[in-house]
Amino acid sequence: MAQNILQVENVKKYFKVGKKDLKAVDGVSFALEKHKSLGIVGESGSGKSTLARLILGLIPPTEGDVYLLGKSIFKASKNEVKQLRREIQMVFQNPYLSLFPHMTIGSNIEEPLRLHNIGTKKTRKSIVLNLMEQVGVPPQYYNSFPHELSGGQQQRVAIARALALEPQLIVFDEPVSSLDVSIQAQILNLLLELKRKTDLSYIFIAHDLAVVEYVSDLIAVMYLGVFVEFASTEELLNEPLHPYTQTLLKSVPVIGGEIRDITISGEIPSPINPPSGCPFHPRCPYKKEICEIEKPILKEVKPEHNVACHLY
Amino acid sequence: MVENYNDVKTINTFEIKERSYFSILWGRFKKNKMAVISLYFIIFLIVVAIVGPLVSPYHYTMMDYTALYQTPNAKHWMGTDDGGRDLATLIVYGLRNALIVGFGAGLVEVFIGILIGAIAGYLGGQVDNILMRFVDIMFALPSFLLNLVLVVVLGRSLFTILLAIGLTSWAGMARLVRGQVLTVKQLEYIEAAKALGASNLTIILRYVIPNSVGPIAVALSFNIPGAMMMESGLSLIGLGVMPPMPSWGGLISQGSRWMLSYPHMILFPAGAFALTILAFTFFGDGLRDAFDPKTE
Ligand SMILES: Nc1ncnc2c1ncn2[C@@H]1O[C@H](COP(=O)(O)OP(=O)(O)O)[C@@H](O)[C@H]1O
Ligand SMILES: [Mg+2]
């Protein structure tokens, strides 16, 4: 068995809102092999960022566990956690807010090396300049401040900072959502290039299937805190099984064409008052009686194709 | 990707100088010429306040009935007052007291403000509600009257006056600090720092403080002259430091009585007072520019 770089076991995250629980992530399990890229797609509020934070160990789970290279990030000692941090990094949606505003571009990228006492001042500088070259940020920007760069350049800097520790896994949380469409493609191509040239694995989060399919080997579709479908990209695009995935695919803009009919009805329900049974049943055209009562679990219905739906 | 940290190809084709945080701040600060002049002037004032009393041949208690109301001359650079006291010496002592009250009250204010503001911001919830209600009340009370009451209760020494001013002026600082804590707490770069492996202490020292100290320092540099004016106000109505210890407010009120016949008696203290207040205000402007990354 190839070693899983990441193993997520039934993680849940409930936020207290007043006296009620907001079930942001409500039981997600999956494993990711080395050198694979996973795309997670879902509407805003479906729990993607919360899941990303759990995977990074930035917030404690209500239940479940996350194993990075076989080690639980939540049960590890302080020192072990610091070591694990070298193996997994994150790139955030808004690069301007995630870069250190009072530090130059050079210092921003150098910061992880400093924090982990890697190299001398001089070698760190060479590493930083190499990283800048690698992500396509001209060296003249070394002494600039984040606010002096364009959004696309800022995101490249954030990616360089995430690469500095040579992690095995990077989680990109909607890294192109705040960028112009023309810049989006450049950043996506940078990711593909990184994956080709190195043995990086990554998780790519977006609310737009068209973006995700371009850069992912596997795709998970998230809805109200759970994975409703999880399959290889080819499988999922050719034969979407979950009704929600099917509606998503129908609403994917065809490049150069117009947006096709969106048959999905209603709003995404609130995670404070989630529907009983299957979270998608109020909007599902194929709803059966059991869907209102029993929550379907994610099961493998074909090789490399998992779906959580009572139809299968 | 860099294959090995020790085996990095060197691409320092051109020399790139490092910029430290301080040099960056200074670079932005010095773009504001008035602020730079003000900074030098404030340093000059501090030196004068320390050295002046040591080198002056006079003392603020030294009366000389043979030299009343003298206009500026070689022996008395700023002339003398109605008791024949050397006006320059009085102003230097007044300066010293103003600086002590200004910085001292500022310190008290920052200490209480950071304490209350940070606790409210970090803990939130009910603690925040109660503390902020208290801050609202402090904010609404007329601070001059509050000061009067406190000075009457505590006494009229330099220390009690700066304490009274500090105790009555921290509400704005508490609000500011709370806002800073709330903002910085939820900024993505704090989360990014955590993901990079920074400890809580590192996060506070390297990212939270450098990004929140700016507004606090700016507010302080505006509040120092505020405290000086409060002290002068107390002196004007005769509730400042005990005579014969000179204070600028006292000198100005005394000078105003002789304004028409001996204008130097008001011009010098009022001028020194105005210049000092202005210098702190301009300095605050420069600080604000310095801490704003968009100044470059
Ligand atoms: N710290 C928090 N406290 C309370 N609720 C939160 C918190 N973080 C996220 N949520 C809620 O959890 C749900 C999922 O949020 P999020 O993970 O950000 O979704 P996504 O990234 O898919 O848009 C949302 O309803 C959001 O309001
Ligand atoms: Mg999100």
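The model is predicted: local features need pLDDT of at least 70, side-chain atom pairs count only at pLDDT 80 or more, and totals for chains, interfaces and linings use all residues. Residues are numbered from 1 along each chain as its sequence is written, chains are lettered from A and ligands numbered from 1 in the order in which they are written, and side-chain values use heavy atoms, with hydrogens and water left out.

**Shell around ligand 1**

- Residues of chain A surround ligand 1, among them A:Phe15, A:Leu22, A:Ala24 and A:Pro271. A residue counts as near if one of its heavy atoms lies within 4 Å.
- The shell also includes the run A:Glu43, A:Ser44, A:Gly45, A:Ser46, A:Gly47, A:Lys48, A:Ser49 and A:Thr50.
- By class, the shell holds four nonpolar, six polar and two charged residues. Ala, Val, Leu, Ile, Met, Phe, Trp, Tyr, Cys and Pro count as nonpolar, Asp, Glu, Lys and Arg as charged, and the others, Gly among them, as polar.

**Contacts and cover of ligand 1**

- Polar contacts are pairs of N or O atoms within 3.5 Å; within protein, one must be able to donate a hydrogen and the other to accept it, and residues adjacent in sequence count only if both atoms are side-chain atoms.
- A:Gly45 places a backbone N or O atom 2.7 Å from an oxygen atom of ligand 1.
- A polar backbone atom of A:Gly47 is 3.1 Å from a ligand 1 oxygen atom.
- A:Lys48 contributes through its side chain, with a polar atom 2.9 Å from an oxygen atom of ligand 1.
- Ligand 1 alone exposes 560 Å², and the protein buries 64% of that (Shrake-Rupley method, 1.4 Å probe; for residues, only the protein chains shown count as cover).
- Strand 2 (20-33) and helix 1 (48-56) of chain A each give two or more residues to the shell. Helix 1 gives the largest share, three residues. Helices (H or I, at least four residues) and strands (E, at least two) are DSSP runs, numbered from the N terminus.

**Cysteines**

- There are zero disulfides over all chains (a disulfide is a pair of cysteine sulfur atoms within 2.5 Å).
- A:Cys284 is in no disulfide; its nearest cysteine sulfur, that of A:Cys309, is 6.2 Å away.
- A:Cys284 is buried at 17% relative accessible area, and A:Cys309 is buried at 8%. Buried means under 20%, exposed over 50%, partly exposed in between (1.4 Å probe, protein chains only).

**B:Ser253**

- B:Ser253 sits in helix 10 (residues 248-257) of chain B.
- B:Ser253 is buried, with 19% relative accessible area.
- A polar side-chain atom of B:Ser253 lies 3.3 Å from the backbone oxygen of B:Gly250.
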